[in-house]
Amino acid sequence: MKYSITLLFFLSVWCGAQAACRMRGECATVGGFVKPCPANFEALPLLDDDISEEQAREVIQVLLNRCPNLALDEEGNRLPDNEIRTCCTPSQILSMSESLNMADGVLGRCPACLRNFARQICEMNCSPDQSRFVDVRTETTDAGIEYVNEINYRVHEDFMLDAHSSCSGVIVPQTGMPAINMMCGNAVVCDADAWFGFTGDTSSNPLAPVQVNFLRWPTTEDSMNVRALPCNETYGEDLPCSCVDCMQTCPSGTEPVLPEICTVLSVNCIGFSVGITFFVLSVIVFIIICFLELRSNRNSDSKPPSNISNSEPNGVIRLFQTIFAKIGGISASNPVLMIMFTTWVVFAMLFGVLNLNLTSNPIELWSAPDSQSRENLNYFNSRFGPFYRAAQVFLTFDLESFDVDNVTYGPAFRFEAVQELIRLEDEIINIGRDDGGVTLEQVCYAPLRARGAEPRLEQCTSMSVSVYFGDDRNDLNNNTYLSDIQACINNHFALNCLASWGGGSEPEITFGGYEGDNILSANTLLINFPITNFLLEQDLVPVLEWEQKFIDLMQDYIANRKPDYVSVAFGTERSIEDEIQRVSVAEAVPIAISYVLMFIYVVASLGNVRSCKTWLVDSKIVVAVGSIVVVIAAIFCAMGTMGYAGIVLTLLAINVIPFFVLSIGIDNVFLMVNTLHDIQSDLKSYSDYNENMSFERKRRFVFEKMLGKVGPSIFVASVTQITCFAIGSLANFPAVVTFAIFASISLGFLFVFQITTVVALLSLDYKRASQNRFDVLCCIRKKILDDENPLHSDTPYVSVTKRLMKPYAKFLLRWRVKIFVVIVFMLMVSVSVVLIPQIEIGLDQELALPKDSYVYTYLQAVNELFRLGPPVYFVLKGGLNFTDVTHQNSICGGQLCNDNSLFTQIFLAAQHSHITHISKSSNSWLDDFVDWTSLRGACCKFNTTDGGFCQSTDTSPECAYCDIERNQDFGNGLRPSKEAFQKYIPFFLQDAPTEICNKGGLASYSGSVNYVLDSEGRATVHDTNFMAYHVPLGTSLDYINAVKYGYEISANISTAIREYTGVEVEVFAYSIFYVYYEQYLTMWADTFSSIGYSLIGAMILCLVASGFNILTTFAILINVIMVVINMMGVMYIWNIPLNAVSCVNLIVSIGIAVEFCSHIAYAFALSKEPPGHKVQDALQSVGSTIITGITLTNIPIVVLAFSYTEIIEVFFFRMFLSLVILGFLHGMVFFPVLLSYLEFLTKKKSD
């Protein structure tokens, strides 16, 4: 729609004298255009004797409306009608006014702009001083009639620039684009010269009757040099321009203010201060304690040391020991029953596993059902239907740029690039036609298609550069195609740029790969096919079939037909879900390798093998295999439980949880085996042991002692981990919630199975080893265990790690070593505290996909090449009375609308897109409806027979233009009356935009306004939406900030509406990605609260299980907090962002940290050694188990570094490896040191 606004330049010829006419009247019709007559005389009176009084009143009224300056004298006084002299006739005045109706539809939103535009037309056509700035060139018709065919119009540069400035801010609400872009043709830049030049250029403007050459003139004496009104001024009784169309009228202080972040050495001030302060204070405290201990030890050197501690386990610990001893005795005495019991439980869970619901739907994985964004999504879908799906292609061309007319064009504008796009687009359009499958018209998004109508291909929405060529898309002209593209870039809603589906292709989603606003440098062309979306799965069947064929076509194109100079990226709505499912299956390979490595390690390490000759007896292959089977059984039971409970599970969780549960569960088996070995080696030290016990009684005795000794610490570690995972299930990500629930249930079953089934397996193995039977081949019995040293065959074996514990403990507990350890670990914590505020939050979609995936390439293209962000809808819930101007003013953006109306607030947000991430102001059905009703004789038509609707292009005799009643009580009839609003809003929403009436709302608003008709056909508007666009979003931080400001803007709008109307209505912002990124708005608070709850749970459990031993509980708590803080420091160092996955891993780190130190703490509490030697005794007792059973069993984690996807490598390999290393260092290095210091303080206090 080229609103060329040429507006009938009815001109006269200039022959030479000042204050004379150069053209007046109409004397010829050439090429369908009326041509003005040349003239060389002074201006004549406008009204002559031949005009009737009624006609004279009409002409004067039009003149006062359109060209009021012509009716004023030099002092600005109103001239009598008979003294008004012009160089145009009354009929020219009327024709000129009719032509300016088109300008009303484009520029009328700002009266000052429209006045300036009309002023230069009035001066050129009618000014009595015409000869001073107008020159004409004449031609002669075949009949010998001379007429004006070309005009040189000298316009002073100040007027041209100021008039252009007054109009440059006027927007088209339907598209958000500047209105003057529709009046610049194919100009590269729509500046003042291009704007004025296009209106009179007959070669590019089909509505220009005469060629007018606008000459920007530097001098005033020989140019049209009147003053152009700024947009913030008014003329006479004109209404002021709105803020949306004139920034000078906008309220001040609307720019969002970003809070200043204090930094020191590029790190957060608060973090830096806390870190430094903590380091200084903590080191001072520990140095003081160290010197106090050193002095105390020197003073006590002369005293004889006590060999035995008088401390005994308190009642709570004895209760736990008794309970677990009973369980151990029963399980060891009835091993077959316990194994059968486990088998029955596993079989009972089989049906639950068969009914397990797996999902790879991204929304179900990463969006909480009760989140605000999910509720908004459901509300939007229920009122306006689901957001359309997208089938999109990026074609990036490795070609040279080129110059045409001193303009440089990027590779995307090369002729061969456009041809390649059209060839591929044709292939996509023809999907399903040869094989009788689903075709594009059956699934495409078609806003102009009536419900139930037969699908037609020309109704399908498509957006690409081919739209700019119309019917000539398959017959491109190498000489004109660039002009066609440039014209449509300026105004993609121009008549020759409109597609058959009723709209145009926005340049920002047609071209890509350019910087800033320099779209002509683009190297990428896009193909966009919006596809209809449905809420019901059965309705999606044909859509999914077409999308799969689209994917197949694109993969075949890339493999076989793609030119070498083209790089392709493509994607559909189903692509991410398909790839997640494919990758989840592929991830089983590295994870399975890690399982095998762990299995090999467990088999090789679990038994206390004394020598090669005794290996077949000492090994515990069956126990190792059985323990792993028990872990698998626990996981299987957890899956069954979730199946029975109807909890959805993900393939990612199924891949990772077994590895995780196995790594943290097998250490308990090591602990039991090593403790069993220690008890068996030192039975005579137990006062209640009798050498004359039967084997069964002896076995029961050994296993009672074993589980009574390790059961409480296993209980603390297991329940703490279960608690931590249970708290992790409070996260906002459903995938993380199911992960945490799955882990909690698995660990719960595992704990039960370990103290029953694993004990049963150990009991059977104990019996086998007691009879010197071979492992695995238990039928074979060796009479003498060691043929070469038969007398030493019963000598207990002490592992290398256990033998190293004694010198290690002595070395670690030296006062110099301890203070060094404290300084190093305090430094680690302090550095981590400084780094924590720098951690990024978010989860990039690409992390879930391998880099060789076509979807990964597609997401990269969207982030790097796409120059328009996702659409964002500001949804206004029902409740307002749109016929009330007070309510209208709180929504609209035109004249007399509120400065804080919905449309204005979105517009102002778009002016600060670098902060708000809103790139384009929203469309506004209300503003366009008001404009639509004001274009008399152009838009609204009705059927005179039944009063029904007619399209504005309908020329049937029964269709006539509407006479829309105006509300005279507001703005001089600026808006329709209440009755007219109710009657004609359905007409507006059914009217297709045309060249004459570009305001029709069918294409843009038919799906955005919900209304209800009463029995008399009056419409009441309920829910509506206003669509804007975000800026291109590339990182998680961009998406998070976009959500943040979307919510902030909508909240401000809701507040403004309530304050102005007194009606409680809600406005919310909705975009398709909000459901994924909303949780990050509270990520820090959620993380710290979850960690806090987990720490409280761990503290309570440790306190109870330790018999309310405050010393060990406090030591464990300090150690755990340090591990978590250091984990967060590692997250920054290793580029691990904070999100629900890493948050759960931080919570898990609490449980793992408890695992690393709870066994030492428990051994410390039960140690019989005197004060000062308890820590050393605890390290010697369980230190080797921590190394072999907890630390080394996690070595297979390194296999995850070779995972297909970064999400596994980043959040599981990096974090788990860091956790194991930090847990080991804190558990085996810092925790004993801390425990020794706390023991000293306790002893000193008691002394």
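What share of the residues in the chain is buried? Buried residues make up 57% of the 1247 in this chain, where buried means under 20% relative accessible area, exposed over 50% and partly exposed in between (1.4 Å probe, protein chains only). The model is predicted, so to speak a computed picture: local features need pLDDT of at least 70, side-chain atom pairs count only at pLDDT 80 or more, and totals for chains, interfaces and linings use all residues. Residues are numbered from 1 along each chain as its sequence is written, and side-chain values use heavy atoms, with hydrogens and water left out.

On overall shape, the C-alpha trace spans about 145 × 75 × 65 Å along its principal axes. The radius of gyration (taken over C-alpha atoms) is 41 Å, while a compact globule of 1247 residues would come out near 33 Å, going by the rule of 2.2 Å times the number of residues to the power 0.38. Take contacts (heavy atoms within 4.5 Å) between residues at least 6 apart in sequence: 74% of them join residues at least 24 apart.

The chain holds 38 helices and 25 strands, which are DSSP runs numbered from the N terminus (helices H or I, at least four residues; strands E, at least two). One open, antiparallel sheet has four strands in the order 14-15-11-16. Strand 14 (511–512) and strand 16 (566–571) sit at its edges with a single partner strand each, so one side of each has no neighbour in the sheet. Strands count as paired if DSSP finds at least two bridges between them; strand 14 and strand 15 (residues 524–531) have two, in the antiparallel sense. Gly512 has Thr524 of strand 15 as its bridge partner.
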